[in-house]
Amino acid sequence: MNGVSVSMQRLSRKHFQLTWSTDIQVNSAKAYVIVKKQSLKHVTNQKSNNASRNFHTSIKLMKRFLKIQSVQDVHVPTPTEMRECLHAHGWDVTNGFTCFKTKCPFCEEPEKSLFVNKTSGYHSCQCQKLCGSWNRLQDRISLQKRRELLLDAEEDEDAEKRKEELDEGIVKLTESNKFSDCTGRKKVTLKKLFQIEVLTDAALDKLNVCVCKDDKTLILPLHNHNMDISAVKHLAMAKVHRNKHLQLDTFSYPRLNPEGLFGYQLLAPDSEEVILTLNEFDAVAVHQKLQTPVLSLPRGLMTLPQEILPMLEHFKKITLWFGNDVRSWETARKFSKKLNSKRCHLLRPLDDLPAPLQALNMNMDLMKILKRAQPVAHRSILSFQNLRQEVFRELTDTDQVAGVKWQRFPQLCNILKGHRKGELTVFTGPTGSGKTTFISEYSLDLCMQGVNTLWGSFEIKNVRLAKTMIRQFSQLNMEQNIAVFDEWADKMELLPLYFLDFHGQQNMKAVIEAMTHAVYVHDIEHVIIDNLQFMVGSSDKTVSDRFAMYDAIIATFRTFATRNNCHVTLVIHPRKEKDSDELQTASIFGSAKASQEADNVLILQDRRLTSVRGKKYIQVAKNRFDGDLGVVPLYFDKDSLCMSAPAKIRNKKPPKLKKDGEETDIIGAKSISLKDIFIENEQTAE
C-alpha cells in the first residue's frame, strides 16, 4: 500500500494503531493526515485508545498554533521577474506602490482586479475569493491552462470556520444599538468609560460604532474592497494606566487575522490621500473634526497585514498619525517602508503632536497638527536637525527608550532595562544547562506583551519546542492536565508567535531569506536563532577558515538586526572549559567578533556540579545600552519548566546594602558575592 488518507475525525472515533517508517505530512488545508508506507492494525485495548488520542493531540497541536514559515513560502522571484512572468501570460500589468495590479483572469466579473505583492508574491483578488502565495498563483495559472477546476473551488475547514465566526459577528452587530439610540445615562457612562466624551453621536453613528445591548462593550465593522463587512470587532475596557492611557480588550470575528479596514466604506472611489490611525477612536476624532478620508489599522501597533495593502494601493499620499511615544514612532517608520516610503508622511513624536483623540481632548487644532506631517527622508542622509527631537526623546522618555520590560524576570530589567529593537544579543551556556528552556521563557514573556516573535530552532523540533512553551505559558504540567489543553492552546494561538521550518544544518542564505520574509509579512520584532553552530556546516565553500565563517555569519545577523530594526537573539555554544571555571565572554565559541558585535552578552552559569550550594544564574557580561552588569538567579520548576522566580520572590524588592553612607541595590554591587544573593533568595522562598 503506497499511501492512505485517514480522516482526523474518524481517527478520533475508531481505534487504530499506526506504524510508519517515513515522515508524516500535514495538509493544513483539508485537515487530513497522509501516512506513507504504513500498516493499519485494528485493536480495541486501552493502549490503542491512548496512542490514537496522543497522535491526534500532536497533529492538532502542530496544525493549530505552530505558525511555521516554510522554506518554499519564502523563495519568491524579484519584482522584475514577477512582472515578466505576468506579462508572459498576456496580462496587462500596472506597477503600483506595493503591488502589481492586473485584471483578474480567474473571476467572472471583468472589472475585478488581481493584486500581487512585489515583495512577498502574495496575491489577492477584489472578489476576496482568491488569495495565497506566489507558488499558489503559479499553480492556478497552470490549472487554468489545463482547463481543470481551480484549487480553491472547495472551501477548506478553516475558511468555513472563519465564515461561521463572521456570520456570528454580523448577527451581534445587527442586534446592537446605534449610539444615538441609547438612553442618556448609558450613553454618558459609556463615553466616560472609554474616554470619548468629545466624540459626537453623529460621528460615531456615521462610522457604525454600535453598543451591545447586554454589556458595556462597543462593536464595529471592518470593510473590504467590495465595501462588504469582512470582520467585526468588539471593544471592551481592560484598564487605565497611571498616565491615563486607555488599554482596550479587543475581540474579533473571525477570531484569527481579521481582514479589512475601519472607515473604508466612507471613502470616495477617487480619493488619493488618506490618514492611518492606530485605533478606531482616533479615526472617529479625525473624521469628526476634519471630514477627511481616515482609516484605522485592524491590529494597531502589532502588525500591518499584507492582505490589506491592496486596499491602500490607489492612495498617492498616506499620513501615518500615530501616538507621540517612542514605540508608535518606531512602528510608523517600519510601516512606512512596507507601504512604500515615497508616498508616506509621518508626524514626529513631539509633545505638541499627540494622537488625534488626545489632541481633541486638549482642544488642539487638528488641521495645524496634520500640516506638520513630513515626508519620510532619505534613510542614508541625516542632519542633527532630523535627530534633535529623537535625542531629546532619548533623554526625557528613558523608560520608553529602554524597551519592553520582562514581567517574569524583573531583575533582568534592573540590569538590561528592557528589550530594544535593532540590537543583537548573544546567549551562551554549558551543554545541558537549560539554554533552550530559559530562552524559550525569555522570549515567551516578551511575546505575551505583543512583541512579534520568530523562533528558529535548529536543535530541537518545533513540536517539542511548542510543547515546552505551552507548559511555560500555562505554568502547568500539560501532560497531567490534558483536559485544559484546548483552553490554553486557544490562548496561545492568539500570540504573535511564529516558527521557522528548519531543523539541523542549514544554508545561511535560506535562513536570512526566511527571516526577511517574516519581518515583512508578520512585522517580526524578535528573532531567536538556536543555535549558531548549525549555520557553519553549510556555509559558502568560498569561506575556508573556520573563524572567518563565524565572523561572516555574525556580521550577517548584525546587519539584519540593524537594517530591519529587529532584535536578534543568537544562541552560541561555549568553548570547552573546565567544570570548575566560570564561563566568560572569551568562552564564546569562535573569534572575538561575536562579543564585539553583540549589544548584550548573557551567560548561563551552572554551578550545581562544582559547589554544594551551587545554583544556576544568568550573568549579564555586556550591556551596551547603559553598561550595567550583574547576575539574575534562576529557579527551575519541573512541572511548568519555568526558570523565572516565584511570584512572591519576583515582586519583592531587592535587598539594600549600606555603602559609604548610601543604600545600593545588591544586584550589581561588586562587594556582594553570588553566595549572599542566593542565600537571601532561598530565605525569601522559605
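A residue is called buried when its relative accessible area is under 20%, exposed when it is over 50%, and partly exposed in between (1.4 Å probe, protein chains only). The structure is a predicted model, in which local features need pLDDT of at least 70 and side-chain atom pairs count only at pLDDT 80 or more, while totals for chains, interfaces and linings use all residues. Residues are numbered from 1 along each chain as its sequence is written, and side-chain values use heavy atoms, with hydrogens and water left out.

**Exercise 1. Describe the salt bridge between E525 and R327, and state which network it belongs to.**

Step 1. The closest N and O atoms of E525 and R327 are 3.9 Å apart.

Step 2. E525 is in the loop between helix 19 (508–522) and strand 25 (526–530), whereas R327 is in helix 10 (residues 326–339), so that the pair, 198 residues apart, links distant parts of the chain.

Step 3. E525 counts as buried because its relative accessibility is 4%, while R327, at 27%, counts as partly exposed.

Step 4. Salt bridges that share partners join R327 and E525 with E330, K334 and K421 into one network.

**Exercise 2. Work out the strand order of the sheet that contains strand 19, and find which helices lie on it.**

Step 1. Two strands pair if DSSP finds at least two bridges between them. On this basis, five strands form an open sheet with mixed pairing, in the order 18-17-19-20-21.

Step 2. Strand 18 and strand 21 (374–375) stand at the edges, and because each has a single partner strand, one side of each is left without a neighbour in the sheet.

Step 3. Strand 19 and strand 20 (residues 344–346) run parallel and are joined by three bridges, and L320 has L346 in strand 20 as its bridge partner.

Step 4. Helix 9 lies across strand 17 and strand 18, at about 170° to strand 18. Helix 10 packs on the sheet and touches strand 17, strand 19 and strand 20, its direction making about 170° with that of strand 20. Contact means heavy atoms within 4.5 Å; axes are lines fitted to C-alpha atoms, for helices over the stretch in contact, and angles run from 0 to 180 degrees between N-to-C directions.

**Exercise 3. Give the order and the pairing of the sheet that contains strand 7, and name its edge strands.**

Step 1. This open sheet of five strands has the order 7-8-9-10-11, and its pairing is antiparallel.

Step 2. Strand 7 (94–95) and strand 11 (131–132) stand at the edges.

Step 3. Strand 8 (residues 99–103) pairs with strand 9 (residues 113–117) over five bridges in the antiparallel sense, and T102 has L114 in strand 9 as its bridge partner.

Definitions and conventions: Helices (H or I, at least four residues) and strands (E, at least two) are DSSP runs, numbered from the N terminus. A salt bridge is a side-chain nitrogen of Lys or Arg within 4 Å of a carboxyl oxygen of Asp or Glu.
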